[in-house]
Amino acid sequence: AASADEAAAAAARVGDNGAVDVVLKAQVLAGGRGLGHFRESGLRGGVHTCQHADGVRSLAAQMLGNHLVTKQTGEAGRVVSQVYVTRRHYVRKETYFAILLDRSAAGATLIASPSGGVNIEDVAAATPELIFKEVVDPLAGPRDAQFERLARALAFSGERQAAAAAAQMRALYAMFDECDCTMLEVNPFVETADGDVLCLDAKVNFDDNAEFRHGDIFALRDPTQEDEREVHAAQFDLNYIALDGNIGCLVNGAGLAMATMDIIAKYGAAPANFLDVGGGANEKQVTEALKLLRADPNVKAILVNIFGGIMRCDVIALGIVAAARDIGLKKPIVVRLAGTNVNEAKTLLEESGLPFVTATDLDDAASKAATVADIVQKSRAADLNVKFEIPV
C-alpha cells in the first residue's frame, strides 16, 4: 500500500469475514525494522500489529513518506514509500532457514537454526551449537536427506510439521537456483498455533550479472531504497559503494581497489568509497567517477590508482586531466600510475596545472593521500583555506 487509505482497505481484504487482525510492515531494504524509529513522526518500530482499520490508517500515515532509522541504515534512515499489510499469524515456534553462497564450499550452503526471529549472528556467537549446516554438491544438487536433517533440527512439534518444513526448504532451493539468487534468508520460519509451517519474512539477493535472464525480477527494483550515488554510478558501468572515510578512491579493477582501501587504512585514514572503473575505462566514465567524488562532502582528498595494462597510462592521464577540468575539480588528487607509458603520463599530469600529486608506488600514494586528507580536514576545522601546488 502506498497510502494510509490503501493500507486500511488492504487490511479489510486480508481479514477473516471483514475482521481486521493484521501486521503492518514498513518496506525498506534494511534489517532491524522492528527496533527502528521514524525520524519525522517519532513512531517507534517499523513493524506493528493492529486490530482495527483506523489504527492501520494511523500507523501507515506515520510510516509513509518518513525515514525509518535502523541499525543498518545509519542516522539518515530510509524513506518508506510502501507498507506491507498481511494477515497476522499466531506463532507457536520461530526458527531460521537460509541458503547462502559459500566460497569455501564452492557452492551453496543450507543453514538452519531452531532459534529464529532474532539476529542470527547473535545466535551464532552465543550458542553456535544451534546452527546447523548442509553443504550442497554444486553438480548433484541438494539431497532429500539434507533437507530432512535440517527440518528435524528445527524441532517442530511433529512429523507433519517436519515434512512440511523439508518440502518448503526444497521449494526455496529451487527458487534460489532458478532465479540466480546469492542469498535467500527466511527469518522467522515458523510453526503457527494451527500447526502450519510458514515463511513469515524473508530477504533475497539476486546476482546482478543475471539481470539479462530475469528482467521481470529486476523490474521490481526500487531505486529510492538505494544510495542515489550507487544508482547513478551503475548507469555508467561503475562499481561504486559509499563508505564512511575521507579519501575518495578511483581504481581500475576490484582486486586493486580492495588493496588500495587496505593500504589507506594502514596509514590511519579511511576510504570514502569503493569505486572500480573497470579495465577499459573511457573519459566519460572517469568524468562521472570524479563527479561522484567531488559531490561527496566527506571526501577531503582523492586517490587515483590505475594499472595501465591494455590501456596506456598516458591515455588514462589525458582522461583524468580532461575530466578534472571539465567538472572544475578543486579537491587535491594523488595519482599513482603503473604500466605502459607511465612516464609520459606523469609528465601530462605535472604540466596540467591541476592539483595532482604524483606517487611512485601504492605505498607512497596512500601515505600522501592520508597526509593531504588530514591537512584539509584540520584546515577546515580551523576555518582556513589551503591551496596545494606541485613543487618544481
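The following dialogue explains how to read selected features of this predicted model.

Q: What conditions apply to the values in this predicted model?
A: In this predicted model, local features need pLDDT of at least 70, side-chain atom pairs count only at pLDDT 80 or more, and totals for chains, interfaces and linings use all residues. Residues are numbered from 1 along each chain as its sequence is written, and side-chain values use heavy atoms, with hydrogens and water left out.

Q: How many helices and strands are in the protein chain?
A: Helices (H or I, at least four residues) and strands (E, at least two) are DSSP runs, numbered from the N terminus. The protein chain has 12 helices and 18 strands. Its C-alpha trace spans about 80 × 50 × 40 Å along the principal axes.

Q: What share of the residues in the protein chain is buried?
A: A residue is buried under 20% relative accessible area, exposed over 50%, and partly exposed in between (1.4 Å probe, protein chains only). Of the 392 residues in the protein chain, 44% are buried. Accessible areas come from the Shrake-Rupley method with a 1.4 Å probe, and for residues only the protein chains shown count as cover. The protein chain exposes about 19900 Å², of which carbon and sulfur atoms supply 52%.

Q: What share of contacts joins residues at least 24 apart in sequence?
A: Contact means heavy atoms within 4.5 Å. Among contacts in the protein chain between residues at least 6 apart in sequence, 65% join residues at least 24 apart.

Q: Is Arg33 buried or exposed?
A: Arg33 counts as buried because its relative accessibility is 12%. Arg33 is found in the loop between β1 (22-26) and β2 (37-38).

Q: Which polar contacts does the side chain of Arg33 make?
A: A polar contact is a pair of N or O atoms within 3.5 Å; within protein, one must be able to donate a hydrogen and the other to accept it, and residues adjacent in sequence count only if both atoms are side-chain atoms. A polar atom of the Arg33 side chain lies 2.9 Å from the backbone oxygen of Ala26. The side chain of Arg33 also makes a polar contact with the side chain of Gln27, at 3.4 Å. Leaving aside neighbours within four places in sequence, the residues in contact with Arg33 include Gly45, Val47, Leu68, Thr70 and Asp201.

Q: Where does Val47 lie?
A: Val47 lies in strand β3 (residues 47-50). Val47 counts as partly exposed because its relative accessibility is 32%. Beyond its neighbours within four places in sequence, Val47 is in contact with Val23, Leu24, Lys25, Arg33 and Gly34.

Q: How do the axes of helices α1 and α2 cross?
A: Axes are lines fitted to C-alpha atoms, for helices over the stretch in contact, and angles run from 0 to 180 degrees between N-to-C directions. The axes of α1 (residues 4-14) and α2 (residues 53-63) come within 8 Å and cross at roughly 145°. On the α1 side, the contact is made by Ala4, Asp5, Ala7, Ala8 and Ala11, and on the α2 side by Ala53, Val56, Arg57, Ala60 and Ala61.

Q: Is Ala272 buried or exposed?
A: Ala272 is buried, because its relative accessible area is 0%. The place of Ala272 is in the loop between α8 (254-266) and β15 (273-276). The C-alpha atoms of Ala272 and Gly248 are separated by 5.0 Å, although these residues are 24 residues apart along the chain. Leaving aside neighbours within four places in sequence, Ala272 is in contact with residues including Ala242, Leu243, Asp296 and Val299.

Q: Which residues have a positive phi although they are not glycine?
A: Most residues other than glycine have a negative phi, and most peptide bonds are trans. Ala155 has a positive phi of about 60°, and Ala155 is in the loop between α4 (144-153) and α5 (159-178). Asn341 also has a positive phi of about 60°, and Asn341 is found in the loop between β17 (333-339) and α11 (342-350). Ala155 is partly exposed, with a relative accessible area of 45%, and Asn341 is partly exposed at 27%.

Q: Which peptide bond is cis?
A: The peptide bond from Asn187 to Pro188 is cis, with omega near 10°. Pro188 lies in strand β10 (residues 181-192).
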